[in-house]
Amino acid sequence: MKRQDAYEFWLTYMKLITKDGADIEMSNPLHDFKTQAHAGDFDELSDETYYERYERAEEVASFWKGASEKSVGKVFLEALKQTPIGESEVKDLAMMLAEISERTTYDWEERKREAEKSQESKAKRGAAIMLYHHMKDIFLEEPTEKAKKLLVVIDEADKLFEPMVGSGGTDFSRAIQNEFLKVMDGEEVTFLLKE
């Protein structure tokens, strides 16, 4: 395989894997090439250029082992198996990954806590948006003096506060309740009329 072709292959597949794309199905490049050839996409190419592209597609297609589709992860692993990597190169790759790993947190519990904080933040934002969109019109349509004295009843709020427990045990409904309690305890909520 030519160096530039190999570079583009490894770069593409490593990017896909590191961005949670290992399960994406990729079509066999030789099958794609043949489909394009039958459609006439290569009619303008010289025979030399056509066969050069065919050979390149055929070489990469060996990672599919005849399958019409394969996941990115399986193609990547097959490419690794077929690539003769010497012991010193394996050590170099391992060292490079070790250096990257030093800058990485692999603590599953920590990542789970961060994800739950993000979900809790989304729940709070959702509650605030809901409160804004469902109540702004009530206050904006009324004269200012009347709006200051309005009583708001949130019908069937119990459904909103039903337990919504995340995988880490965080009760998101409690976060929503807390946001509503702040409003009920007298915190000021301002609705602005957009011009």
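Reply: A residue is called buried if its relative accessible area is under 20%, exposed if over 50%, and partly exposed in between. With a relative accessible area of 24%, Tyr 50 is therefore partly exposed. The model discussed here is a predicted one.

Tyr 50 has aromatic partners. Phe 42 and Tyr 50 form an edge-to-face pair, with 6.2 Å from centre to centre and 65° between the planes. Tyr 51 is partly exposed, its relative accessible area being 48%. The count of aromatic pairs comes to ten. In general, two values describe a pair of aromatic rings, namely the distance of the centres and the angle of the planes.

An aromatic cluster is found elsewhere in the chain. Its members are Phe 9, Trp 10, Tyr 13, Phe 63, Trp 64 and Phe 76. Several of these names return in the largest nonpolar core, which has nine residues: Phe 9, Tyr 13, Val 60, Phe 63, Trp 64, Val 72, Val 75, Phe 76 and Ala 79. Helix H1 and helix H4 (72-82) each supply at least two residues of this core, and H4 gives the most, with four. What does Phe 9 touch, once its neighbours within four places in sequence are left aside? Phe 9 is in contact with Val 60, Phe 63, Val 75 and Ala 79. A second, separate core has five residues, including Leu 30, Phe 33, Phe 42 and Ala 61.

Met 14 is found in helix H1 (residues 3-18) and is partly exposed, with a relative accessible area of 45%. The C-alpha atoms of Met 14 and Phe 76 are separated by 7.9 Å, although the two residues are 62 apart along the chain.

The buried residues of H2 (residues 29-38) are Pro 29, Leu 30 and Phe 33. Seen down the helix axis, the buried residues of H2 fall within an arc of 100°, so they line one face of the helix. The face of H2 turned away from the buried side carries the exposed residues Thr 35 and His 38. Strand S1 (25-27) and helix H3 (47-61) are among the elements that cover the buried residues of H2. At the N-terminal end, Asn 28 caps H2 through a side-chain oxygen that lies 2.8 Å from the backbone nitrogen of Leu 30. Just after H2, Gly 40 takes a positive phi of about 90°.

Helix H3 also takes part in charged contacts. Glu 52 and Lys 2 meet through their side chains in a salt bridge, at 3.9 Å from N to O. Glu 52 lies in H3 and Lys 2 in the segment before H1, so this pair ties together parts that are 50 residues apart in sequence. Arg 56 and Asp 5 likewise meet in a salt bridge, at 3.0 Å from N to O. This pair links distant parts of the chain, with Arg 56 in H3 and Asp 5 in H1, 51 residues apart. Glu 52 and Arg 56 are partly exposed, each at 34% relative accessibility, whereas Asp 5 is buried at 18%. Lys 2, Asp 5, Glu 52 and Arg 56 are linked in a network of salt bridges.

Lys 65 is found between H3 and strand S2 (69-71), and its phi is near 50°, a positive value in a residue other than glycine. Lys 65 counts as exposed, at 60% relative accessibility.

Notes. Residues numbered from 1 in each chain as written. Predicted model: local features only at pLDDT ≥ 70, side-chain atom pairs only at ≥ 80, totals over all residues. Heavy atoms only, no water. Buried < 20%, exposed > 50% of the residue type's maximum accessible area, 1.4 Å probe, protein only. Arc of directions from axis to C-beta. Contact = heavy atoms within 4.5 Å. Polar contact = N/O pair within 3.5 Å; in protein donor to acceptor, adjacent residues only side chain to side chain. Phe/Tyr/Trp six-rings, centres within 6.5 Å; stacked < 30°, edge-to-face > 60°. Core = buried A, V, L, I, M, F, W, Y, C linked by side-chain atoms within 4.5 Å. Salt bridge = Lys/Arg side-chain N within 4 Å of Asp/Glu carboxyl O.
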